[in-house]
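This report describes a single protein chain from its fold to selected residues. The sequence and the structure are shown first.

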Amino acid sequence: MASRRRARRGPAREGGQALIEAVLFSLIVAMISCCALDLGLYVYAASAADSACTEVVRACQADFSASASDLQQAAQKAAGSAGTASASVERGAAQTTSYTHHLPDGDGGWTNRSSKVTEVPCKATVTVTREPLTVFGKAIGLISGSGGSYTLTSAHSFTVDRTAESGTW
C-alpha cells in the first residue's frame, strides 16, 4: 500500500507566515521610528540655532565691542548639544536720528524738547551643523546633497543704542 501524504493545513503552516509578517512589520516600525527620531533632532537643532542667535544678539547688545570669539562662545553655549555652532555679527554705521519730546509743563500745556538718538544697525547670523543620528537620516542627507549632515541657519536684525557713547542727545 502506498502511503499518502496529506498537505499540512492549519496553525503549523500559518505560524511561519505570521513570523515573517511580524518581522516585516517590526522593520517598518523601526524605520519610521528612526526617521521620526532624526526629524525630532532636526527640529531641536533649528530651535537651538534660533536660541543661539538670540543669545548672540544679547551678548552684542550688552557689550558692543565683544570679540568674535566671545560671540562664538555665547552661540556654542546656547546651542548646547544640538550641534556645532558658528556665529557672526555685521555691524553697520552709526545713524543719528532727531525726535521731539512732548513734556507736560506746570500750567497744563506741553513743552517740546528736541533730542537725538544714535543707533547702530546690526545683523547676527548663527549656523548650527549636526550629524544625523541614524543611518536613515544620513541617507536622506546624502540624497539631498548635503553630504550626510545638515546645517541650520538663523539670522536676526537688531539695533544697538549708542546714544550715551555718541555724546549727543
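Cys 35 is partly exposed, with a relative accessible area of 34%; here buried means under 20% relative accessible area, exposed over 50%, and partly exposed in between (1.4 Å probe, protein chains only). This is a predicted model, in which local features need pLDDT of at least 70 and side-chain atom pairs count only at pLDDT 80 or more, whereas totals for chains, interfaces and linings use all residues. Residues are numbered from 1 along each chain as its sequence is written, and side-chain values use heavy atoms, with hydrogens and water left out.

**Cysteines**

The sulfur of Cys 35 lies 7.0 Å from the closest cysteine sulfur, that of Cys 34, which is too far for a bond. For Cys 60, the closest cysteine sulfur belongs to Cys 122, at 4.9 Å, and this is likewise too far for a bond. Cys 60 is buried, at 0% relative accessibility. With a disulfide defined as a pair of cysteine sulfur atoms within 2.5 Å, the count comes to zero disulfides.

**Overall fold**

The protein chain contains four helices and four strands, in the sequence order α-α-β-β-β-α-β-α. Of the 169 residues in the protein chain, 26% count as buried. The accessible surface of the protein chain comes to about 11,700 Å², and carbon and sulfur atoms account for 57% of that surface; the areas come from the Shrake-Rupley method with a 1.4 Å probe, and for residues only the protein chains shown count as cover. Among contacts in the protein chain with a separation of 6 or more, 68% join residues 24 or more positions apart, a contact being heavy atoms within 4.5 Å.

**Nonpolar core and surface patch**

Which residues have the most contacts inside the largest nonpolar core? They are Val 56, Ala 75, Val 89, Cys 122, Ala 124, Val 126 and Phe 158, in a core of 27 residues. The elements giving two or more residues to this core are H1, helix H2 (68–79), strand S1 (84–91), strand S3 (110–130) and S4. H1 gives the most, with nine residues. A nonpolar core is a set of buried Ala, Val, Leu, Ile, Met, Phe, Trp, Tyr and Cys residues joined through side-chain atoms within 4.5 Å. Not counting residues up to four places away in sequence, Ala 124 touches Cys 53, Val 56, Val 57, Ser 88, Val 89, Ser 154, Ala 155, His 156 and Phe 158.

On the surface, Leu 19, Ile 20, Val 23, Leu 24 and Leu 27 form a nonpolar patch with about 490 Å² of accessible area together. Patches consist of residues with over 30% relative accessible area and no salt bridge, like charges being joined within 9 Å and nonpolar side chains (Val, Leu, Ile, Met, Phe, Trp, Tyr) within 5 Å. Val 23 is found in helix H1 and is partly exposed, with a relative accessible area of 43%.

**Salt bridges**

A search of the whole structure finds two salt bridges, each defined by a side-chain nitrogen of Lys or Arg within 4 Å of a carboxyl oxygen of Asp or Glu.

| Salt bridge | Closest N and O atoms |
|---|---|
| Glu 55 and Arg 58 | 3.3 Å |
| Lys 138 and Glu 131 | 2.9 Å |

Glu 55 and Arg 58 are three residues apart in helix H1 (residues 11–62), so about one helical turn separates them. Glu 55 is partly exposed at 29% relative accessibility, while Arg 58 is exposed at 53%. In the other pair, Lys 138 is partly exposed at 36% relative accessibility, and Glu 131 is partly exposed with a relative accessible area of 45%.

**Two loop residues**

Ser 149 lies in the loop between helix H3 (135–144) and strand S4 (150–161) and is buried, at 14% relative accessibility. Not counting residues up to four places away in sequence, Ser 149 touches Thr 129, Arg 130, Glu 131 and Pro 132.

Gly 83 is placed in the loop between H2 and S1. Gly 83 is buried, with a relative accessible area of 16%. With residues up to four places away in sequence again left out, Gly 83 touches Gln 76, Val 128, Thr 129 and Arg 130. The C-alpha atoms of Gly 83 and Thr 127 are separated by 9.4 Å, and these residues are 44 apart along the chain.
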